[in-house]
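Visitor: I would like to learn how to read pairs of charged side chains and open spaces in a protein model. Could you take me through them one at a time?

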Amino acid sequence: MNTELILNALKNVKDPEIGKDLVTLDMIKDIKITGSKVSLRAVLTTPACPLKKKIEDDIRQAVLAVPGVSEVEILMDAQVKKSATLSSSERLAGVKNIIAVASGKGGVGKSTVAVNLAIALSLSGARVGVLDTDIYGPSIPTLFGLKDKKPAVDQEKQKIIPLEKYGLKIMSIGFMMRENDAVMWRGPMIHKMLQQFLDDVLWGELDYLVLDLPPGTGDAQLSLSQLIPISGAVIVTTPQDVALADVVRGIAMFQQVHVPVLGVIENMSFFECPNCHHHSEIFSKGGGKKKAEEMKVNFLGELPLDIPTREGSDSGEPITMKSTHYTQSIRFKEIAQKIAGQLSVIQSTEPIKISL
C-alpha cells in the first residue's frame, strides 16, 4: 500500500456539484500511511459546502476499498477559491468572491435576506463582509443594530475601517449621515461614493463580500458592474405578479453586464400561524420558482413571512444569529450553502469574460 494507490482510489470520488474528481481538483492533501491506517486532509472549495458529509463518506468508502486499509482518518478542511474575474482586478485584492443581492422592486425583504445570508456564510467558517450600496435608503445600520455607530479612519493608511459585528465587516452610507438626512445625489455622485467604498475601505481578507444592492436597475447597479467584477448575483422576490415582472428585468440586467445569476429566492412565500400552524399564502405562492424555471436560472429556496425574523431585523439581531436552530435560520443556512456551491461550480469552469 502506498500514496499512489490511495490517490488512484480517490480519482473515483467526485465533487457532486462540480462533477470532477477530488484528485483533479487538488482537494486531497497530506496523505499519511501508518500500518493499515490512512489519514488525509480534504480541502473543500467552501466551508459552506452543502454536501460535506457525502464527500467525507465517499472518501472513506473509497480508501477503505484499497487492500490493506482498515482505518481512515479524514480532516475536513476548506479553502475558498478566488473568482477568476476578481483575480484580474486591482480592486479588493483580498476579496475572493463578490455576491450581489438584488431585487427588481423594493419591499421584498432584500436587505433582510442579504444580512442573514451573510451571517449564515460567516457561521460556516467563511470570512464575510457586507457592503450596503443602497445610497438612498440604507437599511444595514438598522439590521445590524449599528445606527449610532461611526467608522474610524486608519490615519497612517488614510483608509476607512469598516464596523464589525457578529464577525462580519460592515460598511454603509448610513454610518456617515444622520438618521433623518435625505440623500439627493445624481448618478456621478453615486458612482464616486461606491468607488470610495471599494477603494478607501480596509476590507482585508474576505472569502465573500455581500453587496446589498438598491432595488431596481439604476445607477448603483451599473456603477458597480463597471467598478468591480461581481462573482454572482442573487435575485430576491415575493410570489405575486407585480414583483415577478421585475425579476425578469433584474436577471436581464445582470446578463447584459455578464454577471452570472446564481438563482432566485422567493421571500414571504407564506405565513404560518403561530397558534394553529395554518399556512396563509398572503402574496400567493410558487411564483418565484416558476419564474426561475422560465428564465432558466436556479431556484434557491423559499422563505416564509415570519414574525421572529421581522423582530430580529428591527432589534438589530438577525434571526440567523439570534437563533441558529430556528427553522427560518436553517432555511437561510441551506440557501447560503447553495449560493456557495454555485460559486464553486462557476470557478471550476473557464473564466468568464467581462466586456462592458
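**Salt bridges and a pocket**

Guide: This is a predicted model. Side chains of opposite charge can pair when their charged atoms come close. Here the side chains of Asp30 and Arg41 form a salt bridge, with 2.9 Å from N to O. Asp30 belongs to strand S1 (residues 28–34) and Arg41 to strand S2 (residues 37–44), so this pair ties together parts that lie 11 residues apart in sequence.

Visitor: Is Asp30 buried, partly exposed or exposed, and what about Arg41?

Guide: Asp30 is partly exposed, its relative accessible area being 46%, and Arg41 is also partly exposed, with a value of 22%.

Visitor: How many salt bridges does a search of the whole structure find?

Guide: The search finds 15 salt bridges. One of them joins the side chains of Lys53 and Asp57, again at 2.9 Å from N to O, and both of these residues sit in helix H2 (residues 52–64), four residues apart, which is about one turn of the helix. Lys53 counts as exposed, at 54% relative accessibility, while Asp57 is partly exposed, with a relative accessible area of 34%.

Visitor: Which residue does Asp246 meet in a salt bridge?

Guide: The side chain of Asp246 meets that of Arg249, and the distance from N to O is 2.4 Å. Because the two residues are three apart in helix H8 (residues 241–256), about one helical turn separates Asp246 from Arg249. Asp246 has a relative accessibility of 17% and counts as buried, since the cut-off for buried is under 20%.

Visitor: Now for the open spaces: how much space lies in the largest pocket?

Guide: Rolling a probe the size of a water molecule over the atoms shows where empty space is left. In this model, the largest pocket holds about 380 Å³ of space. Its lining is made up of 21 residues, and those lying nearest the centre are Pro47, Leu123, Ser124, Lys333 and Gln337.

Visitor: Which helices and strands supply at least two residues of that lining?

Guide: Strand S3 (71–78), helix H4 (110–123) and helix H12 (327–347) each supply at least two, and the largest share, five residues, comes from H12.

Visitor: How do the lining residues divide into nonpolar, polar and charged?

Guide: In the lining of the largest pocket, 12 residues are nonpolar, six are polar and three are charged.

Terms used
Residues numbered from 1 in each chain as written. Predicted model: local features only at pLDDT ≥ 70, side-chain atom pairs only at ≥ 80, totals over all residues. Heavy atoms only, no water. 1 Å grid on protein atoms, 1.4 Å probe; cavity = no way out; pocket = protein on both sides within 12 Å on 5 of 7 lines; lining within 4 Å. Points joined across faces, edges and corners; volume = space filled by probe spheres on them. Nonpolar A, V, L, I, M, F, W, Y, C, P; charged D, E, K, R; others polar. Salt bridge = Lys/Arg side-chain N within 4 Å of Asp/Glu carboxyl O. Buried < 20%, exposed > 50% of the residue type's maximum accessible area, 1.4 Å probe, protein only.
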